Amino acid sequence: MPVIVSPEACQDERGALLAYLEAQRGGIRRSVHGLTEEQVRSVPSASVLSLAGLLKHAVTGERGWLRVLQGKAGDPRDQMAEWEHTFEPTEDETVEALLALYDEVARETEEAVRALPSMDETFEALRLPWDEGGTRTWRWAVLHLIEEIARHAGHADIIRETIDGKGAFDLVFETGAAPEPDWSILER
């Protein structure tokens, strides 16, 4: 992981889950740092993914899960239709707009998790082609979000490095997400 989650953020289960989720979101956010719209929409690797597409997918995916968790998902066919285009940002979905939306969705997720009486609260997951659906806990859902965002942050690392050679640690230090380590301690 390119950033260390603060032990102070992990004093309770909610804090730990939200801190690890935010750490993974940071990987997605940093992947677009300093790039042009053309660069973030480019598809420079063997994959069909772009950084803008990954950002849109992460935002749309988390917002979709939040709707499901809050019982506002609606028709599964509508969910599928939205999901099918999550890797394809429109012209209006600029990096700036997607990052602003991601901040809003992250805030809504944190508020919803913090308002729960317990992480054992349940919701009904939709039956989808890749998941049988059923009763799940919010704990499961937040862990699933961490898993998904981490997977896509890894994709973003590869795409970003392909664009300009900057890896995740370069971007962590460049954006101030963490200070450059004191490598001299290894020389002792």
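Reader: Which side chains meet in a salt bridge at 2.6 Å, N to O, with Glu-22 as one partner?

Author: Side chains of opposite charge can pair when their charged atoms come close. In this predicted model, the side chains of Glu-22 and Arg-25 meet in a salt bridge, at 2.6 Å from N to O.

Reader: How far apart are Glu-22 and Arg-25 in helix α1?

Author: They are three residues apart, so about one helical turn separates Glu-22 from Arg-25.

Reader: Is Arg-25 buried or exposed?

Author: Buried means under 20% relative accessible area. Arg-25 has 3%, so Arg-25 is buried. Glu-22 has 33% and is partly exposed.

Reader: Which residues are linked with Glu-22 in a network of salt bridges?

Author: Arg-25, Arg-29, Glu-62 and Asp-103 are linked with Glu-22 in that network. The structure holds 16 salt bridges.

Reader: What does Arg-160 pair with?

Author: Arg-160 forms a salt bridge with Asp-164, with the closest N and O atoms 2.9 Å apart. The two are four residues apart in helix α6, about one helical turn. Arg-160 is buried at 1% relative accessible area. Asp-164 is partly exposed at 35%.

Reader: What span should the 27 residues of helix α6 have?

Author: At 1.5 Å a residue, α6 (residues 138-164) should span 39 Å. Its end C-alpha atoms are 38 Å apart, which agrees.

Reader: What do the buried residues of α6 pack against?

Author: The buried residues of α6 include Trp-138, Leu-145 and Ile-149. Among the elements that the buried residues pack against are α1 (13-31), α3 (51-69) and β1 (122-125).

Reader: Which residue just after α6 takes a positive phi?

Author: Gly-165, at about 85°.

Notes: Residues numbered from 1 in each chain as written. Predicted model: local features only at pLDDT ≥ 70, side-chain atom pairs only at ≥ 80, totals over all residues. Heavy atoms only, no water. Expected span 1.5 Å × (residues − 1). Buried < 20%, exposed > 50% of the residue type's maximum accessible area, 1.4 Å probe, protein only. Contact = heavy atoms within 4.5 Å. Salt bridge = Lys/Arg side-chain N within 4 Å of Asp/Glu carboxyl O.
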